[in-house]
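This briefing goes through a single protein chain, topic by topic. Please read it beside the sequence and the coordinates.

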Amino acid sequence: MRANDLIKRWNAQPLAKQFLLIGGIVAMSAMLVVGAFVTSLIEGAVTRNSAAATALYVDSVIAPLLPDMQTTQVLDDTVARALDETLGQGALGNRLLAFRLWRSDGTILYSNEENMVGRRFELGDELRTAFGGEMVAQFKPVDDTADETNQRASKPLLEIYNPVLQPWSGQVVAVSEFHEIAHDFELSLTQARFLTWLAVAGFTLAFFIMLSAIVMRGSRTIERQRHALKQRVDELSALLSQNEALRGRLQHASQRATALNENMLRRIGADLHDGPAQLVAFASLRLDSNALVSPSTSAAVREREITAIKASLDEAMHEIRTICSGLVLPQIETASLPELLERVVRAHEQRTGSTVELSLSDPPERLSPSAKICIYRFVQETLNNAYRHGGGVGQRVAQSTEGDRVCIAVTDGGEGFDPKDIRPTSLGLAGLRERIESLGGTFEVDGAGPGTIVRMSLGIEEIGQA
């Protein structure tokens, strides 16, 4: 579980940070490996070259003094003294700390250390290689010297095992081992090491910095794209949620529209039944009464009956026209919002004989037909409610603009009511709410009294593009 947490935390880090950490470790490891490898090659090459130069010099000085090593197995005193004088004087004497001449059986034929002459030892790897015809060179710093002589000298040494060749046959007849004091060699080798590590470190650092710059720039680009993609996904998610909400509202509005349509038809039927139908039925009954068909009925009575029938029919026609005028919308496509509000207010005043105050404030210039119908029906329905339930007292229609929304408020001076008492199946206010909210608007009712205020608002941009 802990390993999974670490992996998750690691994957959550930016790519640039991951690269700097892993890349830094890899670059450092590569620098150490390459530096050690190159330094080793340089040390080997420098050691071989320096040893070869020293060996050539020693051979040029020592070889003429040696007898025929194929016929002579032991050096006489004359050769030993000549070697002592040669190795102890001049530049060679100052640099040469130890010298030994080995025979192939491991016997030391000559040494500048008298106690070593004539002793026999097991041949080491270096001596066997030298008797095989290859020169061997080893550099030993002060701390690494194991030989008693080297420890006593406490100096860096360059150990050289050089095969001695027979001039005319080229055969290896002896091996000269000499230990050179290598202060200058050590200084040169230290400088070579330092310059090598400096070059490797500088190249690795420059390469890592350039690669890091490229990766960091790419990481920033990826982060920006990731942020933009996340923002886009969030926006799409929000739009998807809005679409789901709108789909639900649309489905609910469709269901409510069907119910409201049925309620509207029922209301129209009720209005026709309770109003014009009753008046027409009254006129029909009057026509069927004996007052008109009886021979004994006077002309005055007949005239009065005919007048009553005509009045009943006239009233029925008036109510039918009133119902029709409420159902039929005026021409609103070319009408502006002030003209639309003026028409609905004047129609209400003519139908009810009441007075309505109209107030306009910075009305929008353009509205969609659906927004105009919504506003018209809102004002028409709320004025009818104000007249029916509030007695038509203090009726007022106020239009205002608040930011990017157009607001309509209809008020009256009646007693007011509690909006909680409105039944869910109520046709008027429920239909208005559904109509307004379907366009993205808001609907509020304040009936706390005195009077009632019904408000609606629509977004100007939304209704202008609907």
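Asp-362 sits in the loop between strand S6 (356-359) and helix H12 (369-390), where helices (H or I, at least four residues) and strands (E, at least two) are DSSP runs numbered from the N terminus. The model is a predicted one, in which local features need pLDDT of at least 70 and side-chain atom pairs count only at pLDDT 80 or more, while totals for chains, interfaces and linings use all residues. Residues are numbered from 1 along each chain as its sequence is written, and side-chain values use heavy atoms, with hydrogens and water left out.

**Confidence and overall make-up**

- The mean pLDDT (the predictor's confidence in each residue, from 0 to 100) is 77 for the protein chain, and 79% of its residues reach 70 or more.
- Over residues 144-152 the pLDDT is below 50, and this stretch has 14 contacts in the model beyond near neighbours in sequence, a contact meaning heavy atoms within 4.5 Å.
- The protein chain holds 14 helices and 10 strands, and of its 466 residues 33% count as buried; buried means under 20% relative accessible area, exposed over 50%, and partly exposed in between, with a 1.4 Å probe and protein chains only.
- Among contacts in the protein chain with a separation of 6 or more, 64% are between residues 24 or more positions apart.
- The accessible surface of the protein chain comes to about 28,200 Å², and carbon and sulfur atoms account for 57% of it; accessible areas come from the Shrake-Rupley method with a 1.4 Å probe, and for residues only the protein chains shown count as cover.

**Individual residues: a loop and a strand**

- Asp-362 has a positive phi of about 50° although it is not a glycine, and with a relative accessible area of 59% Asp-362 is exposed.
- Ser-176, which lies in strand S5 (residues 172-181), counts as buried at 3% relative accessibility.
- Leaving aside residues up to four places away in sequence, Ser-176 touches Asp-59, Phe-99, Arg-100, Leu-101, Ile-160, Tyr-161, Asn-162 and Val-164.

**Nonpolar surface patch**

- Trp-10, Leu-21, Ile-22, Ile-25 and Val-26 form a nonpolar patch on the surface, with about 450 Å² of accessible area together; patches are made of residues with over 30% relative accessible area and no salt bridge, like charges being joined within 9 Å and nonpolar side chains (Val, Leu, Ile, Met, Phe, Trp, Tyr) within 5 Å.
- Helix H2 (residues 15-62) gives the most to this patch, with four residues, whereas Trp-10 is placed in helix H1 (residues 2-12) and is partly exposed, with a relative accessible area of 31%.

**Salt bridges**

- The structure holds 12 salt bridges, each being a side-chain nitrogen of Lys or Arg within 4 Å of a carboxyl oxygen of Asp or Glu.
- Asp-105 forms a salt bridge with Arg-103, the closest N and O atoms being 3.1 Å apart; Asp-105 counts as partly exposed at 28% relative accessibility, while Arg-103 is buried at 16%.
- Glu-223 pairs with Arg-226 in a salt bridge whose closest N and O atoms are 3.3 Å apart, and because these two are three residues apart in helix H7 (residues 183-274), about one helical turn separates Glu-223 and Arg-226.
- Glu-235 and Arg-232 also meet through their side chains in a salt bridge (3.5 Å, N to O), and they are likewise three residues apart in helix H7, so that about one helical turn separates them.
- Salt bridges that share partners join Glu-342, Arg-346 and Glu-349 into one network.
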